[in-house]
Amino acid sequence: MEEKEYLRELFSLPRYALASRAIDLLERSIGSQIYLRGIIEVSNICVKNCSYCGIRRDRKDIYRYLIPKQVVLSLSKRLFKSGYHSVVLQAGDRRDDYFIEYINELILGIKRFSRRQMRIVLSLGEQDRDVYKLWRDSGADRYLLRIETSNPSLYSFLHPEEGGSGFEKRRACLLTLRELGYQVGTGVMIGLPGQDIDCLVEDVLFFKHIGAHMIGMGPYIPTEGTPLYRYVDEYDKEQVIDWSLKMVAVCRLVLGDVNIASTTALDILEPGLRLEGFRYGANVLMPDFTPKEWIKDYEIYDGKPESSADYCLKSLKDRIAWNDPGDPKPYGSYSFISGDQ
Ligand code: SAH
């Protein structure tokens, strides 16, 4: 059966059937342990103007911050000591020398205090190859850059300022990151205006073809004060819930042993949904450790600052892999489940 047709068929199954197949495969491949990454949102300053995002450049009603380096370093040290062996540094896109050096010093500092044991994941948007290389040479291990949607025309609709080349540029960043030896994470938003099942099928194939080691995706949350909010009446919450959970299961079935996160936005859509993600084959939890003082201003979507991963940690406590960096299997070791199974 043709791959796309097979994928469409998976999406048409009831989601509980997909869940049990995904969990079965997870247990037979990488096992049921859950890996942790502590996330620190180091800055909400952003030069981009993405139409869906609450920290877009044109959003004037939020306080812009950069957390002092020493604060990030001592927080990372505390995380490491408490069993988090992966830290994610996330921020808006910024390409100036001051920021590049700030990140570089954080990478060197974290590697120093952890004797190179702590994995560093960067989620800092689109950068030049030289910058990606500098950070990689200093010790960054992974990079998270969502493609947002693999559909080029939907992508340019979401990023009108970037014209037709925006999608290619983002794709090229992912390829550069792979070439530089990063473990690469990508993902999409689910429930975007104009998106359909065929888009999601293409998204899964994109993850496969780009050779992603990690998938971090989640529902799109309409956010007031952003241009895309004008489509809020078309938003079908029940459908977004269904598609979001199905995406986790389908990715597990098609991509095998990649790491898949169950993300915060699921809980915004409906409290408890992030835990549900682990019943559909997710195996990564990313609790947010941005200090209170700043987290309230990292509102990429409405409702985010109040959410917490504590209830997931409690419910999943027997499966959590403490003190484990949770490296992905070398890409390509998974077995693709073909259409005739
Ligand atoms: N600047 C970085 C990372 C910051 S935002 C980058 O662009 O990669 C991290 C992610 O938040 C984005 O990749 C996007 O997928 C998600 N996001 C932004 N606005 C959102 C919204 N309204 N609903 C759901 N997710 C959103």
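Isoleucine 62 touches Asn44, Gly54, Ile55 and Asp297, leaving aside residues up to four places away in sequence; contact means heavy atoms within 4.5 Å. This is a predicted model: local features need pLDDT of at least 70, side-chain atom pairs count only at pLDDT 80 or more, and totals for chains, interfaces and linings use all residues. Residues are numbered from 1 along each chain as its sequence is written, and side-chain values use heavy atoms, with hydrogens and water left out.

- Isoleucine 62 sits in the loop between strand 2 and helix 3 (69-81). Helices (H or I, at least four residues) and strands (E, at least two) are DSSP runs, numbered from the N terminus.
- Isoleucine 62 has a relative accessible area of 17%, so it is buried. Buried means under 20% relative accessible area, exposed over 50%, and partly exposed in between (1.4 Å probe, protein chains only).
- From isoleucine 62 to tyrosine 298 is 236 residues in sequence and 8.8 Å in space, C-alpha to C-alpha.
- Asparagine 44 also lies in the loop between strand 2 and helix 3. Its relative accessibility is 0%, so asparagine 44 counts as buried.
- The side chain of asparagine 44 reaches the backbone nitrogen of tyrosine 65 at 2.8 Å. A polar contact is a pair of N or O atoms within 3.5 Å; within protein, one must be able to donate a hydrogen and the other to accept it, and residues adjacent in sequence count only if both atoms are side-chain atoms.
- Not counting residues up to four places away in sequence, asparagine 44 touches Ile55, Ile62, Tyr63, Arg64, Tyr65, Asp297 and Tyr298.

**Ligand**

- The ligand is surrounded by 20 residues, and the closest are Tyr52, Asp93, Arg146, Glu148 and Ile221. A residue counts as near if one of its heavy atoms lies within 4 Å.
- Arginine 146 places a polar side-chain atom 2.8 Å from an oxygen atom of the ligand.
- For glutamate 148, a polar side-chain atom lies 2.6 Å from an oxygen atom of the ligand.
- A polar backbone atom of alanine 91 is 3.0 Å from a nitrogen atom of the ligand.

**Cavities**

- There are four cavities of 30 Å³ or more. On a 1 Å grid over the protein atoms alone, a cavity is a set of points where a 1.4 Å probe fits but cannot get out, and a pocket is an open set with protein on both sides within 12 Å along at least five of seven lines; lining residues have an atom within 4 Å of a point.
- The largest cavity has a volume of about 820 Å³. Its lining has 38 residues, with Gln90, Arg146, Glu148, Tyr298 and Ile300 closest to its centre.
- Strand 2 (38-43), strand 3 (86-91), strand 9 (218-219) and helix 10 (264-269) each give at least two residues to the lining of the largest cavity.
- The second largest cavity holds about 100 Å³ of space. Among its 14 lining residues, Arg37, Val121, Arg142, Leu144 and Met214 lie nearest its centre.
- Strand 5 (142-144) and strand 6 (183-186) give two or more residues to the lining of the second largest cavity.

**Largest pocket**

- The largest pocket has about 250 Å³ of space. It is lined by 15 residues, and Asp288, Phe289, Ile295, Ser307 and Ser308 are the closest to its centre.
- Helix 12 (292-295) and helix 13 (310-315) each supply at least two residues of the lining of the largest pocket.

Terms used
Points joined across faces, edges and corners; volume = space filled by probe spheres on them.
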